[in-house]
Amino acid sequence: MTLPITATDLQGRDDRLELMSVPDLCPRCHHRIHPKVVTASSISDRSVSQAIFKCTNQKCQELFIATYVFNAKVGSGGRQYELRAVAPFSAQPADFPETVQCLSPTFVEIYNQVIAAESRSLDQLVGIGLRKALEFLVKDFASAINPDKAEQIKASMLAPCITQFIDDINIKECAKRAAWLGNDETHYVRKWESKDVSDLKLLVRLTVNWIDSFLLTQKYIEEMNAGAPSK
Ligand SMILES: [Zn+2]
């Protein structure tokens, strides 16, 4: 079903047109919506039209701009426009386990900046950001399990830090491979040509999951170390 609207150009002339669809996903809060049209504007040659919508999610209610391009003439003088893009887009922050949020808030902050860069198609920054996020995650974890060596860990390079200070085999092997791919993202020549940034992202996620499992396991072992408490 098309939506008829009136768009005004720079000279104040009204243009009646039909939008072939309205955005059904808010780019700010990511909820499914039936947005309300606030106003619309058309470019003088009428090739492009932009409509401002208001999100109908009570918790959001933000405005956003939908850009339409001319698609076809219809009926007697009618013009149909096809949805091309919506902006501004707010990236959804990644959902990390509480253990990892407490362990390394800087990792979470950098990772969410990676998500924001990715949502803006800044592809070249994603791998570099993941490499930096991984370093904070690994060093904060290594420092947490080796508190007496925290200064040494902070000053070490990432690869030796993983090898020397992380014993858990799953965390070590995933972090090591993430570091290899992370280095590929920052260097001129790739060593792992069959792997890309999506593999790096997955390995960082695996490292997060293994760290979460490790910390939760450690917590319950410590809390329930001596058998059931006597009544
Ligand atoms: Zn919204």
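From the N terminus on, the elements of this chain run β-β-β-β-β-β-α-α-α-α-α-α-α, which amounts to six strands and seven helices. Helices (H or I, at least four residues) and strands (E, at least two) are DSSP runs, numbered from the N terminus. The model is predicted: local features need pLDDT of at least 70 and side-chain atom pairs count only at pLDDT 80 or more, while totals for chains, interfaces and linings use all residues. Residues are numbered from 1 along each chain as its sequence is written.

**Overall form**
- The chain has a radius of gyration of 25 Å, well over the 17 Å that the globule rule gives for 231 residues, so it is more spread out than a compact globule. The radius is taken over C-alpha atoms, and the rule is 2.2 Å times the number of residues to the power 0.38.
- Along its principal axes, the C-alpha trace spans about 80 × 60 × 30 Å.
- Buried residues make up 26% of the 231 residues. A residue is buried if 20 or more other C-beta atoms, placed from the backbone, lie within 10 Å of its own, exposed if 12 or fewer, and partly exposed in between.

**Nonpolar cores**
- A nonpolar core is a set of buried Ala, Val, Leu, Ile, Met, Phe, Trp, Tyr and Cys residues joined through C-beta atoms within 7 Å.
- The largest core has 33 residues, and Ala133, Leu134, Val138, Ala175, Ala178 and Val204 have the most contacts inside it.
- Helix H3 gives the largest share of this core, eight residues.
- A second, separate core of 12 residues includes Ala7, Phe53, Phe64 and Tyr81.

**Helices H3 and H5**
- The axes of H3 (residues 123-145) and H5 (residues 158-165) come within 10 Å and cross at roughly 30 degrees. These axes are lines fitted to C-alpha atoms over the stretch in contact, with angles from 0 to 180 degrees between N-to-C directions.
- Glu135, Val138, Lys139 and Ala142 of H3 meet Leu158, Cys161, Ile162 and Phe165 of H5; two residues are in contact if their C-beta atoms, placed from the backbone, lie within 7 Å.

**Backbone exceptions**
- Most residues other than glycine have a negative phi, and most peptide bonds are trans.
- The peptide bond from Ala87 to Pro88 is cis, with omega near -5 degrees; Pro88 is found in the loop between strand E6 (78-87) and H1.
- His30 has a positive phi near 70 degrees and lies in the loop between strands E2 (14-19) and E3 (36-42).
- Gln61 has a positive phi of about 55 degrees and lies in the loop between strands E4 (48-54) and E5 (63-74).
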